[in-house]
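Please keep the sequence and the structure in view while reading.

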Amino acid sequence: MEIILKQDIVNLGHADDIVDVKDGYARNYLIPRGYAVMADESNKKMHEENKRQRAHKEAKLKEEAEALAEQIKGKEIKIGAKTSSAGKIFGSVNTIQIAEALQKKGFDIDRKKISIDGDAIKEAGTYKAKISLHREVPVEIELEVFSE
């Protein structure tokens, strides 16, 4: 079944994308929750018109994201964590701590836009985190987790 997404859905697509999904997923989950609408002819026409009107606004958002990406690029974030003698962290470092460290550096970025390999960081060391500022503007930052 073809649907038009109303908002970004992880591992499926971004807002205003037309995607093919299984019928049950669309009818039982996406459409009732307001995440998507069926992609029939009238909805496709409305989608194209809305997309055309939003093109200017999207270009401005992309420019702002690129400017922020240039500022963030090359920054190294350091996060302290309590560790055992073997270097294992008590607990873990996740996107919340990364977002807080970025906020201390002056960058207000939502934690949902930050992704790290795996679920969380469980050992001290150097890692890379990916920040999706815009659907076309991803940024990678260096992340150093050290023992406190």
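A pocket is defined on a 1 Å grid over the protein atoms alone as an open set of points with protein on both sides within 12 Å along at least five of seven lines, and its lining residues are those with an atom within 4 Å of a point. Grid points are joined across faces, edges and corners, and a volume is the space filled by probe spheres set on the points. Rolling a probe the size of a water molecule over the atoms shows where empty space is left.

The model is predicted, with local features needing pLDDT of at least 70 and side-chain atom pairs counting only at pLDDT 80 or more, while totals for chains, interfaces and linings use all residues. Residues are numbered from 1 along each chain as its sequence is written, and side-chain values use heavy atoms, with hydrogens and water left out.

## Overall form

Helices (H or I, at least four residues) and strands (E, at least two) are DSSP runs numbered from the N terminus. On that basis the protein has three helices and nine strands, arranged along the sequence in the pattern β-β-α-β-α-β-β-α-β-β-β-β. The radius of gyration is 19 Å, well over the 15 Å that the globule rule gives for 148 residues, so the protein is more spread out than a compact globule; this radius is taken over C-alpha atoms, and the rule is 2.2 Å times the number of residues to the power 0.38. The C-alpha trace spans about 60 × 35 × 15 Å along its principal axes.

Where a contact means heavy atoms within 4.5 Å, residues 24 or more positions apart account for 50% of the contacts with a separation of 6 or more.

| Pocket | Volume | Lining by class |
|---|---|---|
| Largest pocket | about 740 Å³ | seven nonpolar, six polar and seven charged residues |
| Second largest pocket | about 290 Å³ | four nonpolar, one polar and nine charged residues |

Of the 20 residues that line the largest pocket, Asp-8, His-14, Lys-112, Lys-113 and Ser-132 lie nearest its centre. Helix H2 (41–72), strand E6 (114–116) and strand E8 (125–134) are the elements that give two or more residues to this lining, and E8 provides the largest share, four residues.

Lys-113 is found in the loop between H3 and E6 and, at 39% relative accessibility, counts as partly exposed. Leaving aside residues up to four places away in sequence, Lys-113 touches Lys-130, Ile-131, Ser-132 and Leu-133.

The second largest pocket is lined by 14 residues, and those nearest its centre are Asp-16, Lys-51, Arg-54, Glu-58 and Arg-135. Here the largest share of the lining, eight residues, comes from H2.

Asp-16 lies in the loop between E1 and E2, is buried at a relative accessible area of 19%, and has a positive phi of about 75° although it is not a glycine. Asn-11, in the loop between strand E1 (2–5) and strand E2 (18–20), is likewise not a glycine and has a positive phi of about 65°, but Asn-11 counts as exposed at 80% relative accessibility.

## Helix H3 and its cover

Which residues of helix H3 (residues 95–104) are buried? They are Thr-95, Ile-98, Ala-99, Ala-101 and Leu-102. These residues cover an arc of only 160° around the axis, which puts them on the same side of H3; the arc is that of the directions from the helix axis to the C-beta atoms. An α-helix has 3.6 residues a turn, so residues three or four places apart point the same way. The cover over the buried residues of H3 includes strand E4 (76–81), E6, E8 and strand E9 (137–147).

Thr-95, with 15% relative accessibility, counts as buried, and beyond residues up to four places away in sequence it touches Arg-111 and Ile-114. Lys-113 and Thr-95 are 18 residues apart in sequence and 8.8 Å apart in space, C-alpha to C-alpha.

Glu-100, also found in helix H3, is partly exposed, with a relative accessible area of 46%. After H3 comes Gly-106, whose phi is positive, near 100°.

Note on methods: 1 Å grid on protein atoms, 1.4 Å probe; cavity = no way out; pocket = protein on both sides within 12 Å on 5 of 7 lines; lining within 4 Å. Nonpolar A, V, L, I, M, F, W, Y, C, P; charged D, E, K, R; others polar. Buried < 20%, exposed > 50% of the residue type's maximum accessible area, 1.4 Å probe, protein only.
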